[in-house]
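Subject: Structure handover

Hello,

Here is the structure for you to look through. My notes on what was found follow below it.

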Amino acid sequence: MWLKCSSFSSTQPMKQIVQTQLHIISATYGPAESRRLLDGKLVDYNVQETYVPHTRDVLPFLRALMSISSGDNNEDDVLQGVSKSFALMDGRPMNTVFGDCCPGTTKILKVEYVFRDYFDTDDTVAIHNKVANVSENSERSSTYTESRVFTSLFREHERVLLKRQDPLLHLTTDNAEDTPLSSAVDSQIQLIQKLPSPPSSPSKRPRTSPCEITLPLILPFLTIRERAKCQLVCSSWRDGVKEQGITSVIDVNDTNLFPRHIMNSSPSTTFQNHHSPRSILKGLLKHSHSSLESLVLNDFTALQPSIDLHQSLPNLRKLRRLDISRLSSITDETLKLVSSSLGKRLEVLYMKGLMNVTNAGVVQLFESCNNLRVVDISEVHQLNDEAGVAIGKHLTKLEVLHCKDNYKLTNGSVDIITKNCKNLVQITLWGNIHLKYVNFSREEDKETLHTTTSASLPRPSSLSDFQTTPSKLIILNLWGCHNLDDSAAKSFNKASLPHLRSLCLSECHRLTDEFVSAISLPQLVHLKLRYVRRITDASLETISQKMPVLYSLDLSFCTKLTISGVCRLITACTSLSELRLYACRQLNIGSVGSTSNSGRQLARALKNSDSSLSFLDVRECHQQLEPPTSRDETYVKSMLDLGFDETLTGIFIRPARWNDRISRQLVSNLR
């Protein structure tokens with residue numbers, strides 16, 4: 001690692017940074033490395049097919065957030081200030097801002113950015129000038145330096161803080177050239193050695209030594225293993241490392257900590273090897289008691305909780321996020337220890353696919369950890385309404401709830417959750433086959449006004465006393481709720497769900513054009529109708545007329561659509577940026593036929609409209625004939641001329657392009 005340096009001497013004052021600008025170069029949101037997709041494939045960023053179809057360009061969304069932060073509506077991806085770091089999400093969950101581009105899979109946000117520091121050439125002016133004036137007169141009175149390109153990765157529900165990955169202190173040399181890390185540390189030590197000598201009186205001696213001062217400067221440049229070895233230097237460093245800890249995140253998916261060749265070794269080899277995954281985990285936990293905030297153990301099948309985890313749990317005093325998904329060794333004993341050790345500190349809990357826990361253990365967990373904001377109990381098939389009621393009763397601070405394939409849950413518990421968890425912004429009820437409706441209107445509360453006769457209960461004075469604040473829900477996933485029919489549309493209106501921006505109704509096979517026509521959600525940004533095979537072009541017409549700010553639409557496997565309806569949708573819905581038509585074979589896009597030129601019609605619609613489309617998935621949108629037909633190269637060339645790049649066969653991507661009107665609408669939705 002090299003350090004950026006600037007000119008400095010003891011007789012010349014250091015130049016003062018009067019303004020810092022943050023420029024975001026690119027931003028994507030998609031599945032995390034080594035996570036499993038719906039088709040069973042593992043995400044591998046060396047194989048495009050595993051992540052490109054499920055990754056979203058979210059630079060427009062970050063630009064909108066930056067516009068909100070800066071208080072203006074400029075289109076530049078720039079934030080200005082005097083800070084060395086910028087927080088963008090303002091506590092918002094990522095899915096609520098970007099939409100859930102890959103349901104059921106853990107996602108990451110990848111951001112590339114640079115910093116630009118402005119220095120004033122006149123120290124007097126630097127003191128008196130306001131930051132706002134620097135940009136106006138930058139050519140006259142200021143110079144700037146630009147950092148290298150930084151890349152940061154953020155997990156779901158992590159705080160998005162874009163900061164420098166440079167030294168803590170700006171180091172200086174006479175020739176203003178880059179300096180290696182070793183020289184930088186030497187320079188810092190020389191500065192420390194120039195400090196005044198400590199007083200001779202023991203009572204007035206400083207509490208810190210030069211070694212204790214250098215430790216915080218050195219640790220950021222070291223790997224986790226090297227930080228642990230620093231404890232061997234001296235007793236002061238040993239105490240310092242113990243106090244600071246060696247890492248805030250332990251993730252078994254991190255190949256730097258847990259190499260793949262070790263993780264994939266046989267159980268017998270792992271047991272005999274001193275550097276086995278279990279030994280690495282125990283060592284990391286031992287040296288991170290004071291710093292660990294996130295512990296991710298998903299799919300770590302070699303884990304033996306009673307030996308590897310239970311001893312450390314009571315000592316993890318900063319732990320906020322825990323992922324124990326798909327660990328068959330986790331039982332109620334571990335859940336009980338989590339309840340007693342972490343309790344109210346725990347905020348994020350993933351426990352997908354735990355097959356050896358019971359309703360009793362889960363209920364006890366939720367009673368103790370009642371400050372949870374994010375809970376994922378997906379694929380814990382044995383849970384029933386008893387666990388669902390415990391969620392609604394105790395987790396009133398809940399913001400995100402995932403219940404995929406918890407098929408024993410019914411409206412008896414789901415209604416309690418939607419009624420009591422008033423801070424919910426995202427709820428996944430994927431595969432809840434007994435669910436007949438979703439209710440956010442609180443109509444049943446109003447009816448109790450006329451039926452309550454108990455003298456012991458205070459009688460409300462009017463119907464308005466029963467009305468609660470509108471639902472805060474932003475994302476609703478009802479994928480595979482087969483019992484939902486067109487009558488459920490009455491709950492999907494702006495009065496009940498004024499903030500809803502993402503709705504997933506994939507594989508709700510009983511829904512028809514009547515449902516799409518009946519819902520009233522003009523603020524909707526993301527809509528998934530994958531495998532809803534009963535809808536026709538009439539639904540596309542409704543979408544283009546009633547959803548003016550729609551950003552992404554998934555119509556994969558919808559086999560009653562026509563190319564004319566798709567072209568009219570693209571022309572009318574100018575805000576649409578993502579369109580997924582995977583396996584709509586009747587469209588016959590991209591193949592040469594005697595009577596079909598669907599691909600060319602699609603290209604003409606894009607060319608002749610003010611379309612914002614930047615992602616188009618038309619894989620397998622052609623009839624599988626024998627012998628196979630050739631590709632329509634005229635259509636492919638037309639797409640390339642429009643600025644698209646065919647990243648994978650049938651997937652066309654170009655940089656996001658929004659006009660002023662759409663950008664203003666997005667900013668308004670995110671406020």
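Which residue lies over the face of F115? R164 does, at 4.8 Å from the ring centre. The rule for a charge over a ring is NZ of Lys or CZ of Arg within 6 Å of the ring centre and within 35 degrees of the ring normal. K404 lies over the face of W430, at 4.3 Å from the ring centre.

Some ground rules. This is a predicted model, where local features need pLDDT of at least 70 and side-chain atom pairs count only at pLDDT 80 or more, while totals for chains, interfaces and linings use all residues. Residues are numbered from 1 along each chain as its sequence is written, and side-chain values use heavy atoms, with hydrogens and water left out.

Overall picture

The protein chain has 24 helices and 27 strands. These are DSSP runs numbered from the N terminus: helices are H or I with at least four residues, strands are E with at least two. The chain has 671 residues, and 49% of them count as buried. Buried means under 20% relative accessible area, exposed over 50%, and partly exposed in between (1.4 Å probe, protein chains only). The accessible surface of the protein chain is about 31,800 Å². Carbon and sulfur atoms hold 50% of that surface. The areas come from the Shrake-Rupley method with a 1.4 Å probe; for residues, only the protein chains shown count as cover.

Now contacts, meaning heavy atoms within 4.5 Å. Take those in the protein chain with a separation of 6 or more: residues 24 or more positions apart account for 78% of them.

Salt bridges

Side chains of opposite charge can pair when their charged atoms come close. The search of the whole structure gives 24 salt bridges. The criterion is a side-chain nitrogen of Lys or Arg within 4 Å of a carboxyl oxygen of Asp or Glu.

- E146 and R116 meet at 2.8 Å, N to O. E146 is in strand β8 (residues 142–146) and R116 in strand β7 (residues 107–120), so the pair links distant parts of the chain, 30 residues apart. E146 is partly exposed at 39% relative accessibility, whereas R116 is buried at 18%.
- D251 and R155 have their closest N and O atoms 3.2 Å apart. This pair also links distant parts of the chain: D251 sits in strand β13 (residues 249–251), R155 in strand β9 (residues 150–155), 96 residues apart. D251 is buried, with a relative accessible area of 7%. R155 is partly exposed, at 22%.
- R278 and D308 meet at 2.8 Å, N to O. Here helix α12 (residues 277–286) supplies R278 and helix α13 (residues 305–308) supplies D308, 30 residues apart. R278 is buried at 12% relative accessibility, and D308 is buried at 2%.

Salt bridges that share partners also join R56, E578 and R580 into one network.

Aromatic pairs

A pair of aromatic rings is described by the distance of the centres and the angle of the planes. Rings of Phe, Tyr and Trp (its six-membered ring) pair if their centres lie within 6.5 Å; planes under 30 degrees apart are stacked, over 60 edge-to-face, and the rest tilted. The whole structure holds 13 such pairs. One of them is F557 with Y582, edge-to-face at 5.4 Å centre to centre and 85° between the planes. F557 lies in the loop between β23 (552–554) and α21 (563–572), and Y582 in the loop between β24 (578–580) and α22 (598–607), so the pair ties together parts that are 25 residues apart in sequence. F557 is buried at 17% relative accessible area. Y582 is buried too, at 19%. Ring pairs also link Y29, F61, F98 and Y551 into a cluster.

Cysteines

How many disulfides are there? The count is zero, taking a disulfide as a pair of cysteine sulfur atoms within 2.5 Å. For C504, the nearest cysteine sulfur is that of C508, 7.5 Å away. C504 is buried, with a relative accessible area of 5%. C234 is partly exposed, at 28%.

S312 is in the loop between α13 and β15 (321–323). S312 is buried, at 11% relative accessibility. Leaving aside neighbours within four places in sequence, S312 is in contact with L285 and H289.

Best wishes
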